[in-house]
Each structure stands twice: as structure tokens, then as C-alpha cells.
Amino acid sequence: MAVEALGTTTRAKVAPWNDPFIRGWVFQIVVVALVGLLAWFLVSNTIENLERQKIASGFHYLEREAGFEIGDSMIAYSPSDTYARAILVGLLNTLKVAVLGIILATVLGTMIGVGRLSPNWLLAKICEGYVEMFRNVPLLLWLFLIYKMISEAFPGPRQAINVLDSFFLSNRGLYFPVPIADPIHKWMGLAFLIGVIATFLVKRWAKKRQDATGQPFPTIKTAIALIVGLPAVIWLLDGAPHHMSWPALKGFNFEGGTVIQPEFTALLLGLVLYTSAFVAEIVRSGILALHKGQTEAAMAIGLSRGQVMRLVLLPQALRIIVPPMTSQYLNITKNSSLAIAIGYPDLVAAVNVTINQTGQAIENILIIMAAYLSVSLSISAFMNWYNKRIALTER
Amino acid sequence: MADVAQGERRQLAPPVVDTGVLGWVRKNLFSSWGNALTTIVLAVAIGWILANFIDWAVINAVWTAPTGQDCRGHGACWALIHEKYRYIFFGSFPYEQQWRPLLAIVAMLAMLILSSDRRMWNARLLWIWGVGSFLTFLLMFGQIHISISLILFVALGVGGLGMLMRGAVGTPAEVNGWRALAAIGAVGLVLRVTGVLPAWSLPIAPFDYVETHLWGGLPVTMILATYGLLFAFPYGVLLALGRRSKLPLIKGLCVGFIELIRGVPLISLLIMASVMLPLFLPSGTTIDKFLRALVAVILFAGAYIAEIIRGGLQSLPKGQFEAADAMGLNYVQKTALIILPQALRVVIPPLINTFIGFFKDTSLVLIIGIFDFLNTANQALVDPNWAGFPAEVYLFAAFVYFCFCFSMSRYSKYLEIELNKGTRR
């Protein structure tokens, strides 16, 4: 009885305006209403402005003819194709730069980061200088500098630097011969895929065997043999077809072969040099965060310096490195949009031309945002999955 | 005595010296064959690069010349910088008036340097930034007209904030002061809107008016980075608090906004600000191009600042929140008096790193046609008389950026150690 009485008396009657639950909801509704009001204000203005300026809306323009050239394309494209295809070409170029940039920046950045911890004073200082030099100057400036240096320092096509009559380096890019399409290439591609899959299986088997018996297996040599050897064997079996398309000077530029354009080179080089400085710092701090005992124990069991780094330190540092590395990968992807400044046709550049031609800014900006958001989210999802996979499994 | 060694013992060599210059060299450069080889290869490579660079940049350089033609066949053409430095630093600002952007740079540098001193981290900082910002914009614009609505609005804002934050902790006299200030602002604004008070503004016009499209060079970069971040700060704090909020709608809004902004490149926001902002506003309103860029930078910076501050908020132990609740502080008081002072202290070094990032990223505004420092450097190359020397101009610009960013990153590192002195073991 007493308890009940106490319960009823202590539950003080709270006025509705003092009830945190009601307060919270009132506050939220007010904020959402304000945001909605702002959105309504912007949207109604936009609709009115669009009608007044007679700008069409909707995504129908995507099926119209684009009519502009794109200098670098991974899929067949001509100006008579649609806007949708032009934007797709841009997106593929963005992805190409991003993927190559991520791989190269990771490799170079890891080397620089490990180099900064080298016992060799000179090497450590050079790596430190590299990091400070690239980190403290805007990426856009590096892009301009590299691009201008390529177009100013290299000779024109007529005076191109000629290596063995097959590689031509000029301010139009690097031209080099490629094999002419042959049905065997498809089979070689398949063999390459099989090689990659077989490598994975071999690696798993080798790890299992090493865990059980302690015997190491030459995985890397086997992998090279599988991945390079299988397609090579197929090629040889087919009689080694070697019809090549050779670049040759025709008029003011080269024809035939294929080309790595200066815009692409400058963009990729700039992104890799700039981002690798950040990657180096992440790798270095990841390694420094490990306990000193790890190095000492590894050295005590007789591993060489390289083995200490490769087998003991880097695998542990990876756990610290992965989350900040994810944001660097996202940065590379987003920074590849600077392509527009030096004229490489990436997604933003293609969409920007589309905006200028169609005048439909809103739809186009929505396309940019949707594309980058989905790429960013895929990268984060993949890295989060990887992070979970390598995370230390504790009890 | 049997275990004393018999006969002659082989003498061990004395331990290798590892002190002094020779010892240092041996230990750090030639500790093994591989190391020695690395050292020699690197030393030769660095020596070769440095020798060539010095040859180009100093010995064979041309320091003054009437046109670029006289530079051909020589080393670096620093004469180009000598000729164009006024344009690179100040853009198209009227030539005779260029002491104004110079003083504006000095004012902004003074503000930044004064704020880096920890003894200034108190109410003095507000005065420094208030006076400094006023001077900066007065010098850049030449004339500032402060409307009465703005004055009243500021009075209402400051008074309201004072009431919220000092309500439970200040003396009655102080709280009444804040209330009076807010009341003056509110009543004044109502009178102004109803038309009782006339439209009046305080004219401060010591110089000629210079429009923003004539601004250029270093002051533009500094204003975009400094004020972009300064204005983004309060709204980043709100976003971070919103993201940590227990109210689902608020949290959803903030998370969505932050992730949207962080998922897209700055360029897309800049393009959006330059082509879509005019569409968003009622027809007839024009919005300054410089302001559009600033809006984009603020939107962008806010999301990044929010994530950093969230890190600071998460680093606080739960007891701080609970203790503040137990003392009967309301949400605003708890946040402003207990939580934020501790959370912000933790995030000062990463905030400086963000500032460095934005100092560099503002160079992207050249894509929408704003003449920031990188763009004016770019434009200096267009002159046909001086064509063909991109390396000189870009290296010069890179040097200026480097000086700013490097000193700031060193300061951030120093601060990190300095602020952690109390907690370090």
C-alpha cells in the first residue's frame, strides 16, 4: 500500500510544455516545417524561373543527339550518339582515372610511408620532403604544372621523340602500337580470368598447407605463371598472331596505334602524386601506432628488415590504416572531377558541356550528384566489408 | 681459480664508435652494404637534380627583362614574376588602390597570427575578429553601408544568445542587460517592418567602391578560405549536434545532408551554386558571383566541420552529459557551457588541418570564373609577350601556397602536443 501511495505521489503532474517527449516532437515538427518551407520557397521560385526563361524540364534531352566530340573514350562513341551515351563515356573515364589512381597512389604512398621510417637518414628525409612538398600545394596547381610541362616541354608531333619507330612521345601524348583485334583475344581474356581464379585457389591452399605444416609455397611465382602464362600459352597455340596497328605520322598528327593522352597522363600523375603524400602519412602513422615490441620480437626470431615490415608490421598496421585510407580513396574519386580544368573528358566535363548545350542545369547536376554518390557509397561499402574482414577477431 | 682462462686470449676489437659525426654517419647512412648503396645512389641523384635546378633557377636565371623574348635560351624567367607580381597578388583591383588589398592581407594575417596565440583564446578573440573583419571588408569594398535592420538583428541575436546561455549562471543585472538588448532588437525590427522606423543605414565610405568582380589574387583566396570556414563553423556545430541528437527527424535530416555533401565533389557544388542559385531565388534578385562561390564553400565546409566536431563530441565521457543533466541545466546551457568547450578543444588541431585543406581547395573556384590566387597566376601566363614560362609562375604560386600551408600544419602539430600536455603520460 505504502509503495503504491509513494508511486502515485512522486509521479508529479508535468505540464505538456515541460514534457521532454512532447517538447522534442514539437521542436522536430517546427524544424521540419521550416526546412519544408525553405524547400517549397526554392522549388516554387525555380519552377517560376524555369517557366519564365522557357527552359524545358525532364530527362527527355538524354535521348537527343549530343553533337560534341569526346577525346578519350573506352566505348565506341561519336558526336551523333545521344547525351546519355556521352555522359556514360564521361562516367567510364571518371571510373578509369579513379581505379588507376587508387591502385597507383596506394602502392606509391605505401612505399613513401615505409621509406619515411627507413633507418637510412637520407631516404627518410627525401620521403619527408616529398610528403611536405605535395601535401602543401593545391592539387589543381600540380595538375596545371604537370599538364603545361607536358605540352611545353615535349616536342610537336613532327619532332616526336621516336623510340624504335614504334613509340612516339610528343605533346600529343604517347603513341604506341597495339595488336589488331583478333578472335583469339577473347580466349586470352578468358584464360586470364581463369588464371586469376586459380591463383586465388592456390593461395588459399598454400595458406592452409603452411598453417598445417609450416612449409611455405612459392605463391607469387605460381601466380605470375598462371596469370601471364595461361594467356601466353593460348596465344602460342593459335600460332601467335601478331598483326599490329602501328602509329605513323599523317599530316599534323599520328594515326594508327593507340595513344595515352597528355590530359589523362597529367590528371592521373597529379592525382597519384598528391594523394600518395596523404597515403604515406596514413601508412606511417599506422605503423608507428604499433607497439615497439612487435618489431623487436620479429627481429628476435631472426626475420630480416623487409620480412619484419611485410609479415609482421604491415598486416597489423592495415587495421589502423583502412578507415582513413577509405576517405583518401573517396577523395581521389571526387578529385578526379578536376579533370575539367585541364580538359580531360570526365563525367563533370561531359555533363558541363551538356548543361551549356541544353540549359537544363538541374537535371544535369542531379545526374552528377547521383553518379558520385553511388560511386562513393560503393567504395565505402567495399572498404567497410574489407575492414570487417581484416578486423581482429577477439573473443 | 680453475675457470680462469689459460694462455693467450684473442683480443676482441673495440666496439664501433657510434657517437660524434663519424658515428652518426655510420649509423644513419652506412649501417649495412644495402644502406650504403642506397645512400650513394640517392646522394648522386639528389645532387644531380639540385645542381640542375640551381643552375636553372639561380645561376642562369633572368631576373629583369622588358619582354619574355629576352628570357629565351636562358634559365628561369623570374622577370615574368617581377613584371606580373602585382597582378598575381591583387588581380584586377584598381592599380593605384592596390595598397588596400595589401593591407587587407596584412589584417587577415594579423587576425590569424593573433588567434594562434593561446593567451588570446578568450573574449578578446571576438574583438580581434570583429575589428579585423570590419577593416578587411572596408579595405576591400572601400565603402560599407550598415543598415539599421542589420544592427537591430544583431542586437536581437546577441541578446537572445546571452539570455539563453547566461540565464541560469549570470547575475540578475547581467541577465536583465541581455534581455534589454534582445528586447530593443525585437521591438526595433517590428517597428522597422511596420514602417515606423525609416530605412536608414550608417554610411562608412572612406574609399572608392570596388566591386567583387574586380577582386582577385591572394585576398580572394584568403577571404574564401577564412570566411568560408568561419561562417561554416556555427552551422557545422549545429549539424554535428543534430547528428548526435536523439530526435529521429532532426538526426535523419542532418545525416542525410552531411552524407550528401561529403559524397559529391566540391566542383559539382560550385557549378550548382553558379548556375542553380540564380534559379532558386525569386526572379529579379541577382546574387553576386563571389557570394555564390562563398555559399558553395560554406555549404561544403559545414559538412566536413560537422564530422570533425562529431568526433570531439564522441570523445567526451558520458559522465559529462549526465552531470550536466543532474545539475538541472537545459539543453542549450548543457551544450554551450559543458559539452562544446571540451569537445571543441579536442578538435582544434583537426580543424586547422581542415582549414589547410580549404585553403588549397578554394583554388577550385577558378572553374566558375573567380579570380583567386591560382587563377590570377594562370592569367599571368596568357600575355603573349610572356608566353611559354608556365613553370616559373606555377612554382612561384606553389611557393606561396606552401608557405601558408606548411606553417599552418606545423602550428597544428605544435598545438596537438601543447593541448595534450595535461593528459599525456
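In the predicted model, helix α9 (residues 248-263) of chain B packs on α12(B) at an angle of about 115 degrees, and the two axes are 9 Å apart. The crossing of α9(B) with α12(B) is left-handed. On the α9(B) side, the contact is formed by F257(B), I258(B), I261(B) and R262(B). These residues meet L299(B), F300(B), A303(B), Y304(B), A306(B) and E307(B) of α12(B). Classified by residue type, the contact of α9(B) with α12(B) comprises eight nonpolar and two charged residues, with no polar residue.

Helix α12 of chain B, which spans residues 289-314, also packs with helix α10 (residues 266-275) of chain B. The axes of α10(B) and α12(B) come within 9 Å and cross at roughly 140 degrees; α10(B) is therefore oblique to α12(B). The crossing of this pair, α10(B) and α12(B), is right-handed. From α10(B), the residues L266(B), L269(B), L270(B), A273(B) and S274(B) take part. Their counterparts in α12(B) are R292(B), A293(B), V295(B), A296(B), L299(B) and F300(B). The contact of α10(B) with α12(B) contains nine nonpolar residues, one polar residue and one charged residue.

At the level of the whole chain, chain B contains 16 helices and two strands. The radius of gyration of chain B is 29 Å, well over the 22 Å that the globule rule gives for 425 residues, so chain B is more spread out than a compact globule. Along the principal axes, the C-alpha atoms of chain B fill a box of roughly 110 × 80 × 40 Å. Of the 425 residues in chain B, 31% are buried. Among the contacts in chain B with a separation of 6 or more, 68% are between residues 24 or more positions apart.

Chain B also forms a contact with chain A, to which chain A contributes 47 residues and chain B contributes 44 residues. On the side of chain A that touches chain B, the elements giving two or more residues are α2 (20-52), α4 (121-135), α5 (139-153), α11 (339-342), α12 (347-358) and α13 (361-390) of chain A. The largest share of this side, 13 residues, comes from α2(A). By class, the residues of chain A that touch chain B divide into 31 nonpolar, ten polar and six charged.

How values were computed: Residues are numbered from 1 along each chain as its sequence is written. Chains are lettered from A and ligands numbered from 1 in the order in which they are written. This is a predicted model: local features need pLDDT of at least 70, side-chain atom pairs count only at pLDDT 80 or more; totals for chains, interfaces and linings use all residues. Two residues are in contact if their C-beta atoms, placed from the backbone, lie within 7 Å. Helices (H or I, at least four residues) and strands (E, at least two) are DSSP runs, numbered from the N terminus. Ala, Val, Leu, Ile, Met, Phe, Trp, Tyr, Cys and Pro count as nonpolar, Asp, Glu, Lys and Arg as charged, and the others, Gly among them, as polar. Axes are lines fitted to C-alpha atoms, for helices over the stretch in contact, and angles run from 0 to 180 degrees between N-to-C directions. Angles under 35 degrees count as roughly parallel, over 145 as roughly antiparallel, 65 to 115 as roughly perpendicular and the rest as oblique. A crossing is left-handed if the near helix is turned anticlockwise from the far one by less than a right angle, and right-handed if clockwise. The radius of gyration is taken over C-alpha atoms; the globule rule is 2.2 Å times the number of residues to the power 0.38. A residue is buried if 20 or more other C-beta atoms lie within 10 Å of its own, exposed if 12 or fewer, and partly exposed in between; C-beta atoms are placed from the backbone.
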